2 protein chains.
Amino acid sequence: MTMTSTDAATEGHEAAALLERTRDLVDPHLRAAVESLPGGMRRVAMYHFGWQNADGSPASGQAGKAIRPALVLAAARALGGDRETAMRAAVAVELAHNFTLLHDDVIDEDATRRHRPTAWAVFGVPDAVITGDAMLALAQRLLADDTHPASGRASARLSTCVIELCAGQQADCAMEERGPDDVTLDECLTMATAKTGALLGCACALGALYAGADEREVGAMDGFGREAGLAFQLIDDLIGIWGDTARTGKPVGADLAAHKKSLPVVAALTSGTAAAAELAALYRGAMNTPDEVNRAAAAVDRAGGRDWAQVCAADRMARAVHHLSRAVPDPAAAGDLLALAEFVTRRTH
Amino acid sequence: MTMTSTDAATEGHEAAALLERTRDLVDPHLRAAVESLPGGMRRVAMYHFGWQNADGSPASGQAGKAIRPALVLAAARALGGDRETAMRAAVAVELAHNFTLLHDDVIDEDATRRHRPTAWAVFGVPDAVITGDAMLALAQRLLADDTHPASGRASARLSTCVIELCAGQQADCAMEERGPDDVTLDECLTMATAKTGALLGCACALGALYAGADEREVGAMDGFGREAGLAFQLIDDLIGIWGDTARTGKPVGADLAAHKKSLPVVAALTSGTAAAAELAALYRGAMNTPDEVNRAAAAVDRAGGRDWAQVCAADRMARAVHHLSRAVPDPAAAGDLLALAEFVTRRTH
């Protein structure tokens, strides 16, 4: 399952179109679920998803890129299931993802998401925490209410995944408290796998479960999503340092100014180079001027953190493809999943 | 199903013994579940349940009164089920309850629980939020992993209940923001039913489900728990104003000093009496001296808020007993549930 650059370009367009179709398919169901929430929480959730402004008036914003529901539906189809059957699982995974966004923004004190003030910044911390809680419960209710024979196993997998997401977020917070010389690349990779890989793996596994797949296929699908998720995180970390603002809504260098120990940064810090020492010194300081942030970005680059992240992302993608070929031996059937995985790892281009 | 005062005294001792037995039965399972959480969250959870001190050393503290797991197990037994079968549900309900405690303490900025600093006060807001999230996911996983035929319906009920708990907590927060003349007793009762009645109802319903009860019995059990829960909340609100500190760990007048619009307070505020006006004036001020708090408590009393709460608690108990007699016509089989309900509404004596 190797790809030429022409294939890749085609897949990129295909993936973008697939994500758009997924958004169109999933949004009515997602919106119906969110609209079932009691009043106060509904308003916070509608704002968070970009469907309403802070004053409750309608907004036409996008509710994110729909990568996770797209993975659920594509995994179900790749294994002979249909989209309609897996729709509840797709909505549940998207709700669980947005539960983590609501809480992570509170915990990380992030003021901006998708080019708008975060929910806690608009409605306060209590409303953002409570709405996140309700969104997680709603995700679980969708699966529990489902009569599909796999819904119990799907629910167990989603719960286990949420615990791993929490562990990842906690490890992330704990790492931020530590000094720049006190974090290993291994624990950073474990944290990133928990924070990002787990839910992408869960999305693929739920799609497989709803297609009636056996445990071996479900496990391989989980592996595919996890490895692709780590590749995705590596690219996201690169974007967090080098842009681009227009597409992500994040200011350039934001992760550095926040002293985030993202994967490229930790790879640089643990490189034993002169640039590593310079970066560590900057991380010990306030790093609140554009000049310092730019110097930190240059140090990550010179210490090899940028190259390492790009090579590591490619390696993880190779592992993802290997898992995928085990779950879905027919390359034609695996096409959509592969296109999605390639798409998320080419976001910087 | 009427009771003499002698019966009631006997039931009180029985209920206390029953709660102690429940704690002994449930704690090993609860602890095993909590110990399955990844490291950082396990530590916060072990502290929250009173099993560890802040430094991780063992503590012998009590993990609360076990009313909810006792209701699950007693409801299962009352309907011909056994305790072992319903144990997962009992643990799940207790975890869901403690998830709300962790988050509510963050949201309400409460610094003390069970005579100790709250989890967020010791470990910070991020760890308390994340650990609460993981505890909810753990509750759901216990039900999802269960092979009992009712586990799917139990999971759906618990999820629905959590959404109602969130709605109640949000309504509570929203009410705190409003002026003392701007809250009706009806919305206050709805809020209290959501915040407290819903989970006690859910506990009883889950016990019934695990005993293989039909939907009518499950619904009646839910009604029993809900009404008993509202009675419980009314008594808890009275304790929040008039004590007693030694048993609850709450300072006398704490709810008044916090300007809480608890049920007796809102009943007083909406009474149209001179005392109501005095109370409203105190609520509009800072109320940060013991003298002001004492005057507020006296005003609630004179405005009839204290009597109303006691009469309303008795009325709700009567409704609870009516629901119970529908679910479990045999008074002997209903004995433990009745004893538990009577116990929680006699906590002030």
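## Overall form

Chain A has a radius of gyration of 20 Å, which agrees with the value near 20 Å that a compact globule of 349 residues would have (taken over C-alpha atoms, with a globule rule of 2.2 Å times the number of residues to the power 0.38). Its C-alpha trace spans about 60 × 50 × 35 Å along the principal axes.

This is a predicted model, in which local features need pLDDT of at least 70 and side-chain atom pairs count only at pLDDT 80 or more, while totals for chains, interfaces and linings use all residues. Residues are numbered from 1 along each chain as its sequence is written, chains are lettered from A and ligands numbered from 1 in the order in which they are written, and side-chain values use heavy atoms, leaving out hydrogens and water.

## Inside the fold

Chain A holds 16 helices and two strands (DSSP runs, H or I of at least four residues for helices and E of at least two for strands, numbered from the N terminus). Of its 349 residues, 58% are buried (under 20% relative accessible area; exposed is over 50% and partly exposed is in between, with a 1.4 Å probe and protein chains only).

## A closer look at α13

Which residues of helix α13 (residues 274–284) of chain A are buried? They are A:Ala275, A:Ala276, A:Leu279, A:Ala280, A:Leu282 and A:Tyr283. These residues lie on the same side of α13(A), because they cover an arc of only 160° around the axis (the arc of the directions from the helix axis to the C-beta atoms).

The face turned away from the buried side of α13(A) carries the exposed A:Ala274 and A:Arg284.
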